[in-house]
Every structure is written in structure tokens, then in C-alpha cells.
Amino acid sequence: MSGRRSRRKGATGDLEVRDMLRVALAGLVPEEQIRRGLQPQGGHVVPDVVVPFGWCESKRRKVINVFRTVEQVQQDAAPGALPFAICRRDREKPIAALPADVFCEIWRVYTAWRLGRLDELEASE
């Protein structure tokens, strides 16, 4: 795949992820706060998709090394940002990939919410 075609495929993937996150966070976060990150030619690192409190990498390829992707997002994420990646192989549904400790924290909050015990979490922090 040519460099231009590869960049276009990456940009399209980033925009798909942006739109997916805008739908998921509708009513919670202003739409303009979820956008494609500027892709610098060198120097500093930015997420593929800018989202509040997170660091999102977008991968859209025929073959994806999920472990390498998670390592990358952990290495690149800004301090305090939740690192995750949305990956989609050609002609398949996207998946989310994130470090297990991040997943466990998300699951902890989700479980407390489902049990109606979020106030206990807030009191213990």
C-alpha cells in the first residue's frame, strides 16, 4: 500500500473512531471536544483521537498486533489519561484494547454504578 493511501486509510479510521466516541459520549461531552488529533511530522506525540480524560490510538489494518498497540498507547499516553486503542481489521467490527489494570478500574466503577453504590466509591477516594 502506498504511503498516501496508507495515510488516507489511517485518517478514515481516526474519523470513524471519533464518530463512534461522539455517539457514545453524546450528552456528556461537547462534540467538539472529541476530534482527530493533529498528526505532527516529528517532535511531540499526540493521540489519534482526542477525547477528554483519555488517550486514544486508532488502528485500522489488515493485521493488527494488539499487544504492540497497547504498549504504544501506554508509552505515549499523557499522565492521568486513560490509555486505550480502538482497532479494526479490514471488513470487521472494531474492538477496544487497553491494559488490564485500566479495564479492572473501569469494571470496578461500572459494577458500583450497576449496584447503585457509586457514592461508596467516591467516599473511599
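1. Trp-107 counts as partly exposed because its relative accessibility is 47%; buried means under 20% relative accessible area, exposed over 50%, and partly exposed in between, for a 1.4 Å probe and protein chains only. The model is predicted, so local features need pLDDT of at least 70 and side-chain atom pairs pLDDT 80 or more, while totals for chains, interfaces and linings use all residues. Residues are numbered from 1 along each chain as its sequence is written, and side-chain values use heavy atoms, without hydrogens and water.

2. The search of the whole structure gives 3 aromatic pairs. In one of them, the ring centres of Phe-103 and Trp-107 are 5.9 Å apart and the planes stand at 25°, so the pair is stacked. Rings of Phe, Tyr and Trp (its six-membered ring) pair if their centres lie within 6.5 Å; planes under 30 degrees apart are stacked, over 60 edge-to-face, and the rest tilted.

3. Both Phe-103 and Trp-107 belong to helix α3 (residues 100-114), 4 residues apart, about one turn of the helix. Helices are DSSP runs (H or I, at least four residues), as are strands (E, at least two), numbered from the N terminus. Phe-103 is partly exposed, at 44% relative accessibility.

4. Tyr-110 and Trp-113 also lie in helix α3, 3 residues apart, about one turn of the helix. Their ring centres are 5.8 Å apart and their planes at 40°, so this pair is tilted. Tyr-110 is partly exposed, with a relative accessible area of 35%.

5. Together, Phe-103, Trp-107, Tyr-110 and Trp-113 make up one aromatic cluster.
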